[in-house]
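Here is a walk through the model, from the overall fold down to single side chains. Keep the viewer open as you read.

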Amino acid sequence: MFEQLKIQFLASFENKMESLKNALEQQDAQALTVSVHQLTGSSGSYGFDAISELCSEIENLVHDNNVIDSITQVKTQQLLEMMAEQIRNTA
């Protein structure tokens, strides 16, 4: 049962990645915060601790600065790469 839920969660990564990319492209700090906040808890629940930790870092950066700065952009790109790697590993 848990493995099936984990697979469904991974299947949602592509949509979540699109949301993250759109937030970056539009420099929408609020949308980025919402996206990473949602990922933080759910990623940790499914055992993707590195993704969860990176999401938490991004959320804190955006919250502290209220903008998407260069550090936030780099960390979000790292997050996108980590998520893409997880998708590849399950394919």
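## Overall fold

The protein has five helices and zero strands, so reading along the sequence gives you the pattern α-α-α-α-α (helices are DSSP runs of H or I with at least four residues, strands are runs of E with at least two, and numbering starts from the N terminus). This is a predicted model, where local features need pLDDT of at least 70, side-chain atom pairs count only at pLDDT 80 or more, and totals for chains, interfaces and linings use all residues. Residues are numbered from 1 along each chain as its sequence is written, and side-chain values use heavy atoms, with hydrogens and water left out.

How big is the protein? Along the principal axes, its C-alpha atoms fill a box of roughly 40 × 20 × 15 Å. Of contacts between residues at least 6 apart in sequence, 66% join residues at least 24 apart, where contact means heavy atoms within 4.5 Å.

Buried residues make up 35% of the 91 residues. Here buried means under 20% relative accessible area, exposed over 50%, and partly exposed in between, using a 1.4 Å probe and protein chains only. In soluble globular proteins, nonpolar side chains tend to be buried together. The largest nonpolar core has 23 residues, and Leu-20, Leu-32, Leu-39, Leu-79 and Met-83 touch the most other members. α1 (2-11), α2 (13-25), α3 (29-45), α4 (49-65) and α5 (70-90) each supply at least two residues of this core. A nonpolar core, by the way, is a set of buried Ala, Val, Leu, Ile, Met, Phe, Trp, Tyr and Cys residues joined through side-chain atoms within 4.5 Å.

Take Leu-32: not counting residues up to four places away in sequence, Leu-32 touches Leu-20, Ala-23, Ile-58, Val-62, Ile-68, Thr-72 and Thr-76. Leu-54, in helix α4, is buried with a relative accessible area of 7%. With the residues up to four places away set aside, Leu-54 touches Lys-75, Gln-78, Leu-79 and Met-82. The C-alpha atoms of Leu-54 and Val-36 are 8.8 Å from each other, and 18 residues separate the two along the chain.

A search of the whole structure turns up five aromatic pairs. Rings of Phe, Tyr and Trp (its six-membered ring) pair if their centres lie within 6.5 Å; planes under 30 degrees apart count as stacked, over 60 as edge-to-face, and the rest as tilted. Phe-13 and Phe-48 make a tilted pair, at 6.0 Å centre to centre with 55 degrees between the planes. That pair links distant parts of the chain, with Phe-13 in helix α2 and Phe-48 in the loop between α3 and α4, 35 residues apart.

Both Phe-13 and Phe-48 are buried. Lys-6 lies over the face of Phe-48, at 5.2 Å from the ring centre (a charge sits over a ring if NZ of Lys or CZ of Arg is within 6 Å of the ring centre and within 35 degrees of the ring normal).

Which residues does Ser-43 contact, beyond its neighbours within four places in sequence? They are Phe-9, Phe-48, Ile-51 and Ser-52. Ser-43 is in helix α3 and counts as buried because its relative accessibility is 0%.

Ser-52 lies in helix α4 and, at 13% relative accessibility, counts as buried too. The side chain of Ser-52 reaches the backbone oxygen of Thr-40 at 2.6 Å. Leaving aside neighbours within four places, Ser-52 is in contact with Thr-40, Ser-43 and Gly-44.

## Loops with positive phi

Most residues other than glycine have a negative phi, and most peptide bonds are trans. Gln-27 is not a glycine, yet has a positive phi of about 55 degrees. Gln-27 lies in the loop between α2 and α3 and is partly exposed, with a relative accessible area of 41%.

Asn-66, in the loop between α4 and α5, also has a positive phi, near 60 degrees. Asn-66 is exposed, at 60% relative accessible area.

Note on methods. Polar contact = N/O pair within 3.5 Å; in protein donor to acceptor, adjacent residues only side chain to side chain.
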